[in-house]
Amino acid sequence: MGTTQIGVAKAPRRTLEIALAATIALGVILTFWSQQRYPALLKKLHAGTSVKVAGAISFDALLKVTPDMPVAARVMRTSVNWLYTNRFGMYFALPFGAALMTLLASMASPKRFASTSANVFCGAVAGAPMGVCTNCATPVAQSMIAGGASTRLTVAAMISSPSFNPVVVAMVFVLFPLPLAALRMIVPAALLLALPLLVPESRKVIQGIGMPEVIQPILVRLVEFFKTYFRNLLRLAVMTLPWMLLAAFLGALAAELIPAYGTHLPVSVLGVICVAVLGTLLPVPMALDVALAYLLYHAGVPTPYVAALLCTLGPVSIYSLSAMGQQLGRGTGLRPAGATAALGSIAGFVVMLLGR
(Lines give C-alpha, C1' and ligand atoms only; values in the text may rest on other atoms or scores of the structure.)
Protein backbone atom coordinates (compact mmCIF):
# COMPACT_ATOMS: atom_id res chain seq x y z
CA MET A 1 0.00 0.00 0.00
CA GLY A 2 1.43 3.39 -0.95
CA THR A 3 1.76 6.28 1.48
CA THR A 4 0.08 9.54 0.62
CA GLN A 5 2.13 12.64 1.60
CA ILE A 6 0.44 15.93 2.19
CA GLY A 7 2.58 19.01 1.64
CA VAL A 8 2.01 22.06 3.84
CA ALA A 9 3.31 25.40 2.64
CA LYS A 10 5.20 27.25 5.36
CA ALA A 11 4.68 30.89 6.14
CA PRO A 12 7.57 33.15 5.13
CA ARG A 13 10.29 33.54 7.72
CA ARG A 14 10.24 36.71 9.76
CA THR A 15 14.00 37.17 9.40
CA LEU A 16 13.78 40.96 9.15
CA GLU A 17 11.68 41.31 12.31
CA ILE A 18 13.92 38.93 14.26
CA ALA A 19 17.06 40.76 13.14
CA LEU A 20 15.64 44.18 14.07
CA ALA A 21 14.44 43.07 17.50
CA ALA A 22 17.76 41.36 18.24
CA THR A 23 19.68 44.46 17.13
CA ILE A 24 17.63 46.72 19.41
CA ALA A 25 18.04 44.35 22.37
CA LEU A 26 21.79 44.06 21.80
CA GLY A 27 22.21 47.83 21.37
CA VAL A 28 20.27 48.57 24.55
CA ILE A 29 22.17 46.08 26.71
CA LEU A 30 25.62 47.04 25.39
CA THR A 31 24.89 50.73 25.97
CA PHE A 32 23.61 50.01 29.47
CA TRP A 33 26.59 47.83 30.39
CA SER A 34 29.26 50.15 29.00
CA GLN A 35 27.83 53.55 29.92
CA GLN A 36 26.24 52.96 33.32
CA ARG A 37 25.97 49.59 35.00
CA TYR A 38 29.44 48.14 34.98
CA PRO A 39 31.26 51.47 35.53
CA ALA A 40 28.99 52.02 38.56
CA LEU A 41 29.48 48.49 39.89
CA LEU A 42 33.25 48.63 39.44
CA LYS A 43 33.32 51.96 41.26
CA LYS A 44 31.56 50.35 44.21
CA LEU A 45 33.95 47.40 44.10
CA HIS A 46 37.01 49.67 44.08
CA ALA A 47 35.56 51.64 47.01
CA GLY A 48 35.99 48.49 49.10
CA THR A 49 35.39 49.14 52.79
CA SER A 50 34.71 52.83 52.02
CA VAL A 51 31.46 52.00 50.21
CA LYS A 52 28.65 54.38 51.19
CA VAL A 53 24.85 54.33 51.14
CA ALA A 54 23.09 57.69 50.91
CA GLY A 55 19.49 56.55 51.54
CA ALA A 56 17.64 54.00 53.64
CA ILE A 57 17.02 51.73 50.62
CA SER A 58 18.99 53.53 47.91
CA PHE A 59 22.53 54.46 46.96
CA ASP A 60 21.52 57.96 45.84
CA ALA A 61 19.63 60.63 47.76
CA LEU A 62 17.94 63.13 45.47
CA LEU A 63 15.98 64.45 48.46
CA LYS A 64 17.44 64.85 51.93
CA VAL A 65 15.88 62.74 54.71
CA THR A 66 16.45 63.57 58.38
CA PRO A 67 15.11 61.83 61.53
CA ASP A 68 13.30 64.98 62.73
CA MET A 69 11.03 65.06 59.65
CA PRO A 70 7.43 63.82 59.94
CA VAL A 71 6.95 60.16 59.01
CA ALA A 72 4.92 61.01 55.90
CA ALA A 73 7.66 63.31 54.62
CA ARG A 74 10.38 60.71 55.26
CA VAL A 75 8.41 57.99 53.49
CA MET A 76 7.70 60.24 50.49
CA ARG A 77 11.33 61.35 50.17
CA THR A 78 12.68 57.82 50.63
CA SER A 79 10.29 56.62 47.92
CA VAL A 80 11.54 59.30 45.54
CA ASN A 81 15.16 58.43 46.33
CA TRP A 82 14.47 54.75 45.61
CA LEU A 83 12.86 55.56 42.26
CA TYR A 84 15.76 57.89 41.44
CA THR A 85 18.34 55.18 42.18
CA ASN A 86 16.47 52.65 40.01
CA ARG A 87 16.05 54.99 37.04
CA PHE A 88 18.97 53.58 35.02
CA GLY A 89 17.81 50.02 35.55
CA MET A 90 14.37 50.95 34.22
CA TYR A 91 15.87 52.89 31.30
CA PHE A 92 17.39 49.53 30.34
CA ALA A 93 14.62 47.14 31.38
CA LEU A 94 11.71 48.69 29.49
CA PRO A 95 13.22 49.04 25.98
CA PHE A 96 15.15 45.77 26.37
CA GLY A 97 12.04 43.96 27.57
CA ALA A 98 9.98 45.34 24.69
CA ALA A 99 12.64 44.15 22.25
CA LEU A 100 12.61 40.68 23.81
CA MET A 101 8.82 40.55 23.69
CA THR A 102 8.89 41.47 19.99
CA LEU A 103 11.70 39.02 19.27
CA LEU A 104 10.04 36.07 20.98
CA ALA A 105 6.71 36.79 19.27
CA SER A 106 8.49 36.68 15.89
CA MET A 107 10.02 33.27 16.52
CA ALA A 108 8.13 30.08 15.70
CA SER A 109 10.67 27.82 17.44
CA PRO A 110 10.22 26.77 21.10
CA LYS A 111 11.43 29.28 23.70
CA ARG A 112 12.40 26.67 26.30
CA PHE A 113 14.23 23.42 26.85
CA ALA A 114 12.48 20.10 27.41
CA SER A 115 14.53 19.60 30.61
CA THR A 116 13.59 21.50 33.77
CA SER A 117 17.19 21.63 34.98
CA ALA A 118 18.30 22.98 31.59
CA ASN A 119 15.77 25.82 31.83
CA VAL A 120 16.92 26.75 35.36
CA PHE A 121 20.61 26.50 34.45
CA CYS A 122 20.19 28.55 31.26
CA GLY A 123 18.27 31.23 33.18
CA ALA A 124 20.92 31.38 35.90
CA VAL A 125 23.77 31.70 33.38
CA ALA A 126 21.95 34.30 31.27
CA GLY A 127 20.91 36.36 34.30
CA ALA A 128 24.30 36.61 36.04
CA PRO A 129 25.89 39.20 33.70
CA MET A 130 22.66 41.18 33.17
CA GLY A 131 23.56 43.57 35.98
CA VAL A 132 20.14 44.61 37.27
CA CYS A 133 18.47 44.14 40.64
CA THR A 134 15.47 41.87 40.95
CA ASN A 135 13.22 44.95 40.68
CA CYS A 136 14.57 46.10 37.33
CA ALA A 137 14.79 42.50 36.11
CA THR A 138 11.03 42.15 36.61
CA PRO A 139 9.93 44.03 33.43
CA VAL A 140 12.36 41.91 31.42
CA ALA A 141 10.88 38.78 33.00
CA GLN A 142 7.34 39.96 32.30
CA SER A 143 8.20 40.51 28.64
CA MET A 144 9.81 37.05 28.34
CA ILE A 145 6.79 35.33 29.87
CA ALA A 146 4.43 37.30 27.63
CA GLY A 147 6.54 36.13 24.67
CA GLY A 148 6.14 32.48 25.65
CA ALA A 149 9.48 31.82 27.38
CA SER A 150 9.88 29.20 30.09
CA THR A 151 8.64 30.43 33.47
CA ARG A 152 11.43 28.66 35.36
CA LEU A 153 14.11 30.00 33.01
CA THR A 154 12.73 33.51 33.49
CA VAL A 155 12.52 33.39 37.30
CA ALA A 156 16.00 31.83 37.48
CA ALA A 157 17.36 34.80 35.53
CA MET A 158 15.61 37.22 37.91
CA ILE A 159 17.23 35.56 40.93
CA SER A 160 20.64 35.16 39.32
CA SER A 161 21.04 38.75 38.10
CA PRO A 162 21.46 40.38 41.54
CA SER A 163 22.81 37.25 43.25
CA PHE A 164 25.56 36.00 40.94
CA ASN A 165 26.74 39.08 39.06
CA PRO A 166 30.56 38.72 38.95
CA VAL A 167 31.26 42.21 40.31
CA VAL A 168 28.75 41.84 43.15
CA VAL A 169 30.19 38.43 44.04
CA ALA A 170 33.66 40.00 44.15
CA MET A 171 32.30 42.70 46.50
CA VAL A 172 30.92 40.01 48.82
CA PHE A 173 34.28 38.27 49.16
CA VAL A 174 36.15 41.57 49.57
CA LEU A 175 33.89 42.92 52.34
CA PHE A 176 32.90 39.86 54.39
CA PRO A 177 34.63 36.97 56.15
CA LEU A 178 34.62 33.73 54.21
CA PRO A 179 31.77 32.04 56.20
CA LEU A 180 29.39 34.96 55.54
CA ALA A 181 30.45 35.21 51.90
CA ALA A 182 29.88 31.46 51.47
CA LEU A 183 26.38 31.69 52.96
CA ARG A 184 25.61 34.59 50.59
CA MET A 185 26.40 32.25 47.66
CA ILE A 186 24.74 29.14 49.06
CA VAL A 187 21.30 30.67 49.73
CA PRO A 188 20.49 31.85 46.16
CA ALA A 189 22.03 28.64 44.77
CA ALA A 190 19.68 26.61 46.99
CA LEU A 191 16.80 28.80 45.85
CA LEU A 192 17.62 28.02 42.22
CA LEU A 193 17.84 24.29 42.97
CA ALA A 194 14.40 24.42 44.61
CA LEU A 195 12.89 26.43 41.76
CA PRO A 196 11.14 23.46 40.07
CA LEU A 197 9.22 22.91 43.34
CA LEU A 198 8.40 26.60 43.78
CA VAL A 199 7.45 27.78 40.29
CA PRO A 200 5.20 25.78 37.91
CA GLU A 201 6.19 25.70 34.27
CA SER A 202 3.97 27.60 31.88
CA ARG A 203 2.24 25.65 29.15
CA LYS A 204 3.99 25.41 25.83
CA VAL A 205 2.08 27.20 23.08
CA ILE A 206 1.40 24.91 20.13
CA GLN A 207 1.90 26.66 16.82
CA GLY A 208 -0.97 26.06 14.42
CA ILE A 209 -0.53 25.26 10.74
CA GLY A 210 -1.71 28.10 8.55
CA MET A 211 -1.85 29.07 4.92
CA PRO A 212 1.10 30.94 3.41
CA GLU A 213 1.10 34.66 4.07
CA VAL A 214 1.43 37.25 1.36
CA ILE A 215 4.94 38.71 1.51
CA GLN A 216 4.60 42.40 2.35
CA PRO A 217 6.91 45.11 0.99
CA ILE A 218 9.92 45.95 3.19
CA LEU A 219 8.60 49.41 4.10
CA VAL A 220 5.27 47.99 5.27
CA ARG A 221 7.05 45.36 7.38
CA LEU A 222 9.26 48.03 8.95
CA VAL A 223 6.26 50.17 9.88
CA GLU A 224 4.47 47.17 11.34
CA PHE A 225 7.55 46.12 13.29
CA PHE A 226 8.02 49.50 14.97
CA LYS A 227 4.30 49.76 15.69
CA THR A 228 4.50 46.39 17.40
CA TYR A 229 7.66 47.34 19.29
CA PHE A 230 6.25 50.59 20.67
CA ARG A 231 2.95 48.87 21.49
CA ASN A 232 4.93 46.29 23.49
CA LEU A 233 6.91 49.09 25.16
CA LEU A 234 3.69 50.80 26.23
CA ARG A 235 2.21 47.51 27.42
CA LEU A 236 5.32 46.79 29.49
CA ALA A 237 5.32 50.29 31.01
CA VAL A 238 1.67 49.90 32.03
CA MET A 239 2.48 46.51 33.58
CA THR A 240 5.54 47.86 35.40
CA LEU A 241 5.05 51.41 36.65
CA PRO A 242 2.15 50.85 39.10
CA TRP A 243 4.09 48.04 40.82
CA MET A 244 7.23 50.20 40.90
CA LEU A 245 5.35 53.02 42.66
CA LEU A 246 3.80 50.58 45.13
CA ALA A 247 7.17 48.98 45.84
CA ALA A 248 8.75 52.40 46.40
CA PHE A 249 6.05 53.32 48.92
CA LEU A 250 6.01 49.99 50.80
CA GLY A 251 9.81 49.74 50.89
CA ALA A 252 10.12 53.30 52.18
CA LEU A 253 7.38 52.70 54.73
CA ALA A 254 9.14 49.63 56.10
CA ALA A 255 12.56 51.30 56.14
CA GLU A 256 11.32 54.40 57.95
CA LEU A 257 8.91 52.82 60.43
CA ILE A 258 11.00 49.85 61.61
CA PRO A 259 13.38 51.29 64.23
CA ALA A 260 17.06 50.85 63.44
CA TYR A 261 17.81 50.02 67.06
CA GLY A 262 15.81 46.81 66.68
CA THR A 263 18.81 45.10 65.10
CA HIS A 264 20.90 45.91 68.20
CA LEU A 265 18.65 43.87 70.48
CA PRO A 266 19.95 40.53 71.82
CA VAL A 267 19.95 37.88 69.11
CA SER A 268 16.95 35.56 69.13
CA VAL A 269 15.38 33.00 66.82
CA LEU A 270 12.34 35.22 66.36
CA GLY A 271 14.55 38.21 65.63
CA VAL A 272 16.44 36.34 62.90
CA ILE A 273 13.15 35.24 61.30
CA CYS A 274 11.77 38.80 61.37
CA VAL A 275 14.96 40.19 59.80
CA ALA A 276 14.86 37.49 57.09
CA VAL A 277 11.24 38.31 56.26
CA LEU A 278 12.07 42.02 56.11
CA GLY A 279 15.06 41.36 53.83
CA THR A 280 12.89 39.23 51.55
CA LEU A 281 10.37 42.03 51.07
CA LEU A 282 12.56 45.15 50.87
CA PRO A 283 13.10 46.27 47.24
CA VAL A 284 16.77 47.26 47.22
CA PRO A 285 18.74 48.39 44.13
CA MET A 286 21.62 46.46 42.57
CA ALA A 287 24.48 45.74 45.03
CA LEU A 288 22.78 47.65 47.86
CA ASP A 289 22.19 44.35 49.65
CA VAL A 290 25.95 43.86 49.96
CA ALA A 291 26.74 47.49 50.82
CA LEU A 292 23.95 47.84 53.39
CA ALA A 293 24.77 44.53 55.06
CA TYR A 294 28.44 45.53 55.26
CA LEU A 295 27.64 48.91 56.83
CA LEU A 296 25.47 47.18 59.46
CA TYR A 297 28.19 44.58 60.06
CA HIS A 298 30.83 47.31 60.43
CA ALA A 299 28.54 49.22 62.81
CA GLY A 300 28.37 46.24 65.17
CA VAL A 301 24.94 44.83 64.35
CA PRO A 302 24.80 41.16 65.48
CA THR A 303 26.23 38.90 62.79
CA PRO A 304 23.20 36.55 62.59
CA TYR A 305 21.04 39.54 61.62
CA VAL A 306 23.62 40.66 59.07
CA ALA A 307 23.73 37.14 57.59
CA ALA A 308 19.93 37.00 57.29
CA LEU A 309 19.84 40.38 55.52
CA LEU A 310 22.81 39.63 53.28
CA CYS A 311 21.16 36.43 52.04
CA THR A 312 17.61 37.77 51.54
CA LEU A 313 17.88 41.37 50.30
CA GLY A 314 19.02 40.50 46.77
CA PRO A 315 17.21 37.51 45.21
CA VAL A 316 13.58 38.72 45.46
CA SER A 317 11.56 41.71 46.65
CA ILE A 318 7.97 42.70 47.29
CA TYR A 319 7.89 44.23 43.81
CA SER A 320 9.19 41.23 41.88
CA LEU A 321 7.06 38.82 43.91
CA SER A 322 3.90 40.88 43.51
CA ALA A 323 4.38 41.45 39.78
CA MET A 324 5.11 37.77 39.11
CA GLY A 325 2.19 36.74 41.31
CA GLN A 326 -0.11 39.02 39.34
CA GLN A 327 1.04 37.53 36.04
CA LEU A 328 1.47 33.86 37.01
CA GLY A 329 -0.72 33.36 40.05
CA ARG A 330 -0.43 34.22 43.73
CA GLY A 331 1.41 31.01 44.59
CA THR A 332 4.25 31.94 42.22
CA GLY A 333 4.92 34.96 44.41
CA LEU A 334 4.30 33.40 47.82
CA ARG A 335 6.34 30.21 47.45
CA PRO A 336 9.64 31.87 46.43
CA ALA A 337 9.07 34.47 49.17
CA GLY A 338 8.63 31.79 51.81
CA ALA A 339 11.64 29.83 50.55
CA THR A 340 13.87 32.93 50.54
CA ALA A 341 12.84 33.91 54.06
CA ALA A 342 13.34 30.32 55.28
CA LEU A 343 16.80 30.03 53.72
CA GLY A 344 17.80 33.45 55.09
CA SER A 345 16.63 32.39 58.54
CA ILE A 346 18.67 29.18 58.30
CA ALA A 347 21.73 31.27 57.39
CA GLY A 348 21.16 33.38 60.50
CA PHE A 349 20.73 30.26 62.66
CA VAL A 350 23.98 28.80 61.28
CA VAL A 351 25.84 31.95 62.27
CA MET A 352 24.21 31.83 65.73
CA LEU A 353 25.47 28.26 66.21
CA LEU A 354 28.94 29.11 64.93
CA GLY A 355 29.06 32.05 67.31
CA ARG A 356 28.22 29.83 70.25
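Guide: Happy to. A search of the whole structure finds 0 disulfides, a disulfide being a pair of cysteine sulfur atoms within 2.5 Å. This is a predicted model, where local features need pLDDT of at least 70, side-chain atom pairs count only at pLDDT 80 or more, and totals for chains, interfaces and linings use all residues. Residues are numbered from 1 along each chain as its sequence is written, and side-chain values use heavy atoms, with hydrogens and water left out.

Visitor: Is Cys 122 buried, partly exposed or exposed?

Guide: Cys 122 counts as partly exposed because its relative accessibility is 28%. Buried means under 20% relative accessible area, exposed over 50%, and partly exposed in between, with a 1.4 Å probe and protein chains only. Cys 274 is also partly exposed, at 46%.

Visitor: Okay, zooming out. How many helices and strands does the protein have?

Guide: There are 15 helices and 0 strands. Helices (H or I, at least four residues) and strands (E, at least two) are DSSP runs, numbered from the N terminus. Of the 356 residues, 49% count as buried.

Visitor: What share of the contacts comes from residues 24 or more positions apart?

Guide: Among contacts with a separation of 6 or more, such pairs account for 87%. Contact means heavy atoms within 4.5 Å.

Visitor: And the core? Which residues have the most contacts inside the largest one?

Guide: Those are Phe 92, Phe 96, Phe 176 and Val 290, in a nonpolar core of 77 residues. Helix H3 (residues 87–106) gives the largest share of this core, with 9 residues. A second, separate core has 15 residues, including Ala 128, Leu 191, Val 199 and Ala 339. By nonpolar core I mean a set of buried Ala, Val, Leu, Ile, Met, Phe, Trp, Tyr and Cys residues joined through side-chain atoms within 4.5 Å.

Visitor: What does Phe 176 touch?

Guide: Leaving out residues up to four places away in sequence, Phe 176 touches Ala 181, Val 290, Ala 293, Tyr 294, Tyr 297, Val 306 and Leu 310.

Visitor: Nice. Where does Asn 165 sit?

Guide: Asn 165 is in the loop between H6 and helix H7 (166–175). With a relative accessible area of 0%, Asn 165 is buried.

Visitor: Which residues does Asn 165 touch?

Guide: Beyond residues up to four places away in sequence, Asn 165 touches Tyr 38, Leu 41, Ala 128, Pro 129, Gly 131, Ser 160 and Met 286. Asn 165 and Ala 128 are 37 residues apart in sequence, and their C-alpha atoms are 4.6 Å apart in space.

Visitor: Switching to backbone angles: what is the phi of Ala 287?

Guide: Ala 287 has a positive phi of about 75° although it is not a glycine. Most residues other than glycine have a negative phi. Ala 287 lies in the loop between H11 and helix H12 (288–298), and counts as buried at 2% relative accessibility.

Visitor: Last stop, the surface. Which residues make the nonpolar patch of about 290 Å²?

Guide: Val 269, Ile 273, Val 277 and Leu 281 make it. Accessible areas come from the Shrake-Rupley method with a 1.4 Å probe, and for residues only the protein chains shown count as cover. Val 269 is found in helix H11 (residues 269–281).

Key:
Patch = residues over 30% accessible without salt bridge, like charges linked within 9 Å, V, L, I, M, F, W, Y side chains within 5 Å. Salt bridge = Lys/Arg side-chain N within 4 Å of Asp/Glu carboxyl O.
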